[in-house]
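User: Could you take a close look at one strand for me, and show how it sits among its neighbours? I'd like a connected walk-through, please.

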Amino acid sequence: MPDVFVNYRTGDEESAATMIARELARRFGDERIFFASNSIDPGRRFPVELVRAVEECEALLAVIGPRWAEVRGADGRPALEAEQDWTRREIHTALARGVLVIPVLVGKATRIDHAVLPDDLLELADCQYRRFDHRNAESDLTALGDTLARLLPELGAVDRDARAVRERVKAKSRKKSAPDPGSTRMRTRDVEQRVRGGIGNLNGDLSGTFVNEPKGPVNTGRGHQYNAPHFEGDNTGVQFTAGDNSGTVHQRFERERRHGTTDDE
């Protein structure tokens, strides 16, 4: 069952109707958009299929161009005046059913004048319309599709454009939350350099725990504890803490002064 019936008049704006039907079919699926030249299979009875589709649709788009009311039938009279005119019959059926009817004014077409409409279509002039201009085709088609997706929940649920937007947002969110491998490698390298630079000149068993610039007492269990370089004062020495955690020994190694040797404090 089609959700949207695209109604148009041959000789007025077939090209605009074709673009609208094609875009809506892309966005919501072929089976949900009825467009006579595409939706009726070969061998099917044209009148029967038209009536069935317009009686089952949830919305009808009446594509109206500048010549919509002027196109003449085989008898030379305006086609709109004939009760059996298919464009007129489709719109009348939709209005009688009370489904959503949206006039789509194409190009320079103006708001529909009650005076040009037969009595059974007078309500069409009161329906809020949308505009479609070939110069703004992309934005106008998007706006029309957005309107249908909002007004018809069945279409909104299968809206391919909306789904694509959600997927892009999710992908962007996953990308932001994923750790940066380059940043991780840099932090690891920084730690390695600090360890090598801070204790590389110490002698003895370095199998204990290394702590970088502690702010207070640290107890890590058995084994030695080594602190990475912590410079104080005039930066003439390096302080580190070592021990078996039964007590704390602070040692300060002073650089060899200009006139003297290294002193232990």
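Analyst: Eight helices and nine strands make up the secondary structure of the protein chain. This is a predicted model, with a pLDDT that averages 79 over the protein chain, and 67% of the residues score at least 70. The protein chain has 265 residues, of which 34% count as buried. Contacts between residues at least 6 apart in sequence can be split by separation, and 60% of them join residues at least 24 apart.

Now to the strand itself. Let's take strand 1, which spans residues 4-7. Is it covered on one face or on both? Both faces are covered: Val4 and Val6 are buried on one side, and Phe5 and Asn7 are buried on the other.

Next come its partners. Strand 1 pairs with strand 2 (residues 33-34) in the parallel sense, over two bridges. Within strand 2, Ile33 is the bridge partner of Val4. To get from strand 1 to strand 2, the chain passes through helix 1 (residues 14-28), and this β-α-β crossover is right-handed. Strand 1 also runs parallel to strand 3 (residues 59-64), and four bridges join the two. Here Val4 stands opposite Ala59. Val4 therefore has a partner in strand 2 as well as one in strand 3, with bridges counted as DSSP finds them.

Helix 5 covers residues 137-151, 15 residues in total, and it reaches 21 Å from its first C-alpha to its last, close to the 21 Å expected at 1.5 Å a residue. Its buried residues are Ala137, Asp140, Leu141, Leu144, Gly145, Thr147, Leu148 and Ala149. What covers them includes strand 1, helix 1 and strand 3, along with strand 4 (100-106), strand 5 (130-132) and helix 6 (153-156).

With sulfur atoms within 2.5 Å as the criterion, the count comes to zero disulfides.

Over residues 199-204 the pLDDT stays under 50, and the model has seven contacts for them beyond four places in sequence. The pLDDT is also below 50 over residues 245-265, a stretch with 38 contacts in the model beyond near neighbours in sequence.

How values were computed. Residues numbered from 1 in each chain as written. Predicted model: local features only at pLDDT ≥ 70, side-chain atom pairs only at ≥ 80, totals over all residues. Heavy atoms only, no water. Buried < 20%, exposed > 50% of the residue type's maximum accessible area, 1.4 Å probe, protein only. Right-handed = clockwise from strand over helix to strand, strands pointing away. pLDDT = per-residue confidence, 0-100. Contact = heavy atoms within 4.5 Å. Expected span 1.5 Å × (residues − 1).
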